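This report describes one protein chain, topic by topic. Please keep the sequence and the 3D view open while reading.

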Amino acid sequence: MSATSPPTYDQIYLKAKNGFTGDATVWNQIFQYIRLYPNELFYISSNRAWSIGHQIVYHGNLKLLQSLLSLYNERNPIDIESKTRDTPNPKTILDVANERKERFREQYEYIKHLFDQDKFNRACKAYDWVTVDNMLERDARLLNEKPPYCLNYFIHYLVLYGDVRKLSDYVLRSYQFQIHLKNADGKTPLVLAQEQRNDDLVEEIQSLIPSGDRENATMNDEREDDRSVFVDSPPTTANRQTSVPTTVQQVTPQLLKNLTCTITKRIFVDPVKATDGKTYERSAIIGWLRGNRVSPQTGEFMDGVLVDDIPTKNLIIELRQRNLLP
């Protein structure tokens, strides 16, 4: 390969397929090529069955794989579940890593966990709380992790979801957020909530910040966030108990406010969500709508459609069972 002519895809593919053959620059050449042509990491030409990415994993170059993943983001996405053209069973990089795990155990564990992170992040984006809850039950580390190519951590998605009760629900379930985590845009959850102009979420997040840190909580300081994408030791009952508190001492004022009807000024008994997006006690909002066709909170027009607010009702039941509500 001359210094003046750029390498072709086939040349780079063959380098990846052959692996390290004594040329100390071979892996750097592959990295520089993919940096220029990111869409070709998992591209498979018509005369091949595997991609460059699958070949890298076959040879166990975890360091190169991690460096390449850092090139991608949500504006330049990557699909780590891309498959080979093997017949009858196409393979993902996890399948390849699994086949080579006796030789490259660390790589297999990393990619296996990366696939979990990727699935969890996609569930967060879709606000698929069932999948989120099931995955957190199996591996609580996912709470404060994300793939290197994804924008947000779980807590950022909770902010974007916009309902403070959902964040409060996870706090009350004894999940411990790293409250200063910055997303790929450098924004903490508090900064993101302030940008969303969601006062309820701002107040709830501030209640989670140690009092000594609150003054600097909105600043773009140089505090390092936890950007690691892999933890060597798998989650165990023991290490979950040491990292996550087992009890919640009190219901925050903000949570109590959000469990209280703005009309009756009492904790909900039969909460319903109205078309203004707010939750009310059923009998109270029905009585209000008999004489009004505007929201008691926003002043905007609203109809009489009401939907049971099951999450709020279930949360109140749970809190009462734990003697955290009267």
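## Aromatic pairs

In this predicted model, there are 13 aromatic pairs. One of them joins Tyr33 and Tyr37, whose rings are tilted, with 4.8 Å from centre to centre and 45° between the planes. A pair of aromatic rings is described by these two kinds of value, the distance of the centres and the angle of the planes. Tyr33 is buried, at 6% relative accessibility, whereas Tyr37 is partly exposed, with a relative accessible area of 38%.

Ring pairs also build a cluster, made up of Phe120, Tyr127, Trp129, Phe154, Tyr161, Tyr170, Tyr175 and Phe177.

## The chain as a whole

The chain contains 15 helices and three strands. Of its 326 residues, 45% are buried. Taking contacts between residues at least 6 apart in sequence, 64% of them join residues at least 24 apart.

## Helices H6 and H7

Helix H6 covers residues 105-125 and helix H7 covers residues 129-138; their axes come within 8 Å and cross at roughly 145°. The crossing of H6 and H7 is left-handed. On the H6 side, the contact is made by Asp116, Lys119, Phe120, Ala123 and Cys124, and on the H7 side by Thr131, Val132, Met135 and Leu136. Sorted by class, the residues in this contact are six nonpolar, one polar and two charged.

Phe120 of H6 takes part in the contact with H7 and also belongs to the aromatic cluster.

Is helix H8 enclosed by the rest of the structure or left open? H8 spans residues 154-161, and it is largely enclosed because six of its eight residues are buried. The buried residues are Phe154, Ile155, His156, Tyr157, Leu158 and Val159. One of these, Phe154, is also a member of the aromatic cluster.

The cover over the buried residues of H8 includes H6 and H7, along with helix H9 (164-172), helix H10 (189-195) and helix H11 (199-208). Just after H8 comes Gly162, which takes a positive phi of about 90°.

## Cysteines

How many disulfides does the structure hold? The number is zero. A disulfide is a covalent bond between the sulfur atoms of two cysteines.

Cys124 is buried, and its relative accessible area is 0%. Cys124 is also one of the H6 residues that make the contact with H7. Another cysteine, Cys261, counts as buried at 1% relative accessibility.

## Tyr13 in helix H1

Tyr13 lies in helix H1, which runs over residues 9-18. Is Tyr13 buried or exposed? Tyr13 counts as buried because its relative accessibility is 3%, and the limit for a buried residue is under 20%.

Which residues are in contact with Tyr13, leaving aside its neighbours within four places in sequence? They are Arg48, Trp50, Ser51, Ile52 and Gln55. Tyr13 can also be compared with Leu41: these residues are 28 apart in sequence, and their C-alpha atoms are 9.5 Å apart in space.

Technical notes
Residues numbered from 1 in each chain as written. Predicted model: local features only at pLDDT ≥ 70, side-chain atom pairs only at ≥ 80, totals over all residues. Heavy atoms only, no water. Disulfide = S-S within 2.5 Å. Buried < 20%, exposed > 50% of the residue type's maximum accessible area, 1.4 Å probe, protein only. Axes fitted to C-alpha atoms, helices over the stretch in contact; angles between N-to-C directions. Helix = DSSP H or I, 4+ residues; strand = E, 2+ residues; numbered from the N terminus. Left-handed = near helix turned anticlockwise from the far one by under 90°. Contact = heavy atoms within 4.5 Å. Nonpolar A, V, L, I, M, F, W, Y, C, P; charged D, E, K, R; others polar. Phe/Tyr/Trp six-rings, centres within 6.5 Å; stacked < 30°, edge-to-face > 60°.
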